[in-house]
Amino acid sequence: YRTASGRPSEVEDIWGSRFHSSAPSPDTVAAISLTLSEAFHGTQKRLQINGEKLDVRIPPGVESGSRLRLKGKGATSPYSQQRGDLYLTIGLLNHPFFRLTGHDLLCEISITPDEAVLGTEIKVPTPDGIVTLTIPAGVSSGQTLRLRGKGWIKRKNGRGDLLVKLQIVSPKHLSPIERECYEKIRANRSFNPRGDLTRMKL
């Protein structure tokens with residue numbers, strides 16, 4: 001970590017732990033917002049706090065609410081003339097596809113009715129790139145499949161999982177052959193998902 005003048009600025013990732021001091025500390029607290037990509041991969045940010053420019057390197061895998069400590073970059077004590085520390089509280093911006101829950105990433109992917117019935121293979125974006133996910137035959141809308149080790153970076157080691165929630169989307173416009181096939185399915189269908197409703201009473 002370096003200041004704008006090129007001097008190194010020591011930064012410590014305290015991951016939400018508490019610090020105690022026996023004397024009043026002129027520490028400074030500031031907030032910084034990161035994209036999910038910046039937080040996952042790590043990044044370097046130039047900040048201006050109290051008129052001072054600081055270049056801060058964010059380590060990979062920080063989480064919302066975690067804090068980074070920059071030693072000696074806080075306010076100056078009027079008594080000792082020594083500077084306290086600067087604490088940066090991390091906030092994460094929303095992502096259009098991924099959502100972070102603990103160490104797991106969640107996403108939602110649409111599939112067609114025939115893919116749900118027959119099963120298929122689909123391409124799924126992950127933090128490491130595109131991977132192939134096998135959809136078993138007979139899945140239901142709202143069902144979640146797990147890609148192990150494709151989630152968020154854990155503090156000590158390893159990764160969380162990527163949870164893929166499936167949504168079955170019916171086509172609004174059918175070609176003549178598609179309509180013919182669906183009508184044949186309807187005429188010969190043996191499965192009735194509402195079969196138990198006839199026995200329901202209040």
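This is a predicted model: local features need pLDDT of at least 70, side-chain atom pairs count only at pLDDT 80 or more; totals for chains, interfaces and linings use all residues.
Is D128 buried, exposed or partly exposed?

1. D128 is partly exposed, because its relative accessible area is 45%, a value between the 20% and 50% cut-offs. Its side chain meets that of R159 in a salt bridge, with 2.9 Å from N to O. D128 sits in the loop between β10 and β11 and R159 in the loop between β12 and β13, so this pair ties together parts that are 31 residues apart in sequence. R159 is also partly exposed, at 24% relative accessibility.

2. Next, have a look at R148 and D161, whose side chains form a salt bridge of 3.7 Å, N to O. Both residues belong to the loop between β12 and β13, 13 residues apart. R148 is exposed at 65%, whereas D161 is buried at 11%.

3. E52 and K73 are both buried, and their closest N and O atoms are 3.5 Å apart in a salt bridge. E52 lies in strand β5 and K73 in the loop between β6 and β7, so the pair ties together parts 21 residues apart in sequence. E52 and K73 are also linked with R83 in a network of salt bridges. The structure holds 11 salt bridges.

4. Finally, the cysteines: the count of disulfides comes to zero. C107 is buried, at 5% relative accessibility, while C181 is partly exposed, at 42%.

Methods: Residues are numbered from 1 along each chain as its sequence is written. Side-chain values use heavy atoms; hydrogens and water are left out. A disulfide is a pair of cysteine sulfur atoms within 2.5 Å. Buried means under 20% relative accessible area, exposed over 50%, partly exposed in between (1.4 Å probe, protein chains only). A salt bridge is a side-chain nitrogen of Lys or Arg within 4 Å of a carboxyl oxygen of Asp or Glu. Helices (H or I, at least four residues) and strands (E, at least two) are DSSP runs, numbered from the N terminus.
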